[in-house]
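Please look at the model before reading on.

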Amino acid sequence: MRTHTLTQLLHDGALTGGGVRSCLRFVFVSACFSQPAALCFIQAGVPAVVAVTHSGRLLDGAAHAFTRAFYLALAVGRSVREAFHIGKQAVAAAPDVRQSAMESDKFVLLLQPARADGSHAADDEPPFKDLPIATGECEAPPRCVAPHRATRRAAPRRAAPRRAAPRLS
């Protein structure tokens, strides 16, 4: 897709919201080799874009670990930049991801040029700051249960083997 076409699409979709910058806070292009697409979003005026470098394929486990941590961080009120770094740390610490440090380095955060005061849109207030989970308005989570107890509760109970009744002769 050409940058001009993307810019036009974003502009058309944002007419009621006052423009691209006020409409979109960030874009997450969750695909291998997505950095070129991310550059198109940046050129079209999106303030921050999370993508994967064009240097190699991303393992599914790394994509899952990053996405889960990134969106959870946003949901609890973190900025895009903070959520991005939390996502990268989650990949680097994931025990089921081979070469996790290298996989973590495949994620990139592209930003519009800094403002006059040196700040970036990724450091602005969190995009999901009004969600109930971010404001603390959700109910408290259920009480934790030790994993071995939860497993024991969930496992089907086996019937005790029946012994044959003694025969009376």
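The sections below describe the model's basis, a helix pair, the nonpolar cores and one further helix.

## Basis

The model is predicted, so local features need pLDDT of at least 70 and side-chain atom pairs count only at pLDDT 80 or more, while totals for chains, interfaces and linings use all residues. Residues are numbered from 1 along each chain as its sequence is written, and side-chain values use heavy atoms, with hydrogens and water left out.

## Helices 4 and 5

The axes (lines fitted to C-alpha atoms over the stretch in contact, with angles from 0 to 180 degrees between N-to-C directions) of helix 4 (residues 60-75) and helix 5 (residues 80-93) come within 8 Å and cross at roughly 145 degrees. Helices here are DSSP runs of H or I with at least four residues, and strands are E runs of at least two, numbered from the N terminus.

The contact (heavy atoms within 4.5 Å) involves residues including Ala62, Phe66 and Phe70 of helix 4 and Val80, Phe84 and Lys88 of helix 5.

## Nonpolar cores

A nonpolar core is a set of buried Ala, Val, Leu, Ile, Met, Phe, Trp, Tyr and Cys residues joined through side-chain atoms within 4.5 Å, where buried means under 20% relative accessible area with a 1.4 Å probe, protein chains only. The largest has 20 residues, and Phe26, Val50, Phe66, Phe70, Phe84 and Phe107 have the most contacts inside it. Strand 2 (48-52), helix 4, helix 5 and strand 3 (107-111) each supply at least two residues of this core, and helix 4 gives the most, with six.

A second, separate core of 10 residues includes Val29, Ala38, Val108 and Leu110.

## Helix 3

In helix 3 (residues 35-43), the buried residues are Gln35, Ala38, Cys40, Phe41 and Ile42. Gly45, which follows helix 3, has a positive phi near 105 degrees.

How values were computed
Buried < 20%, exposed > 50% of the residue type's maximum accessible area, 1.4 Å probe, protein only.
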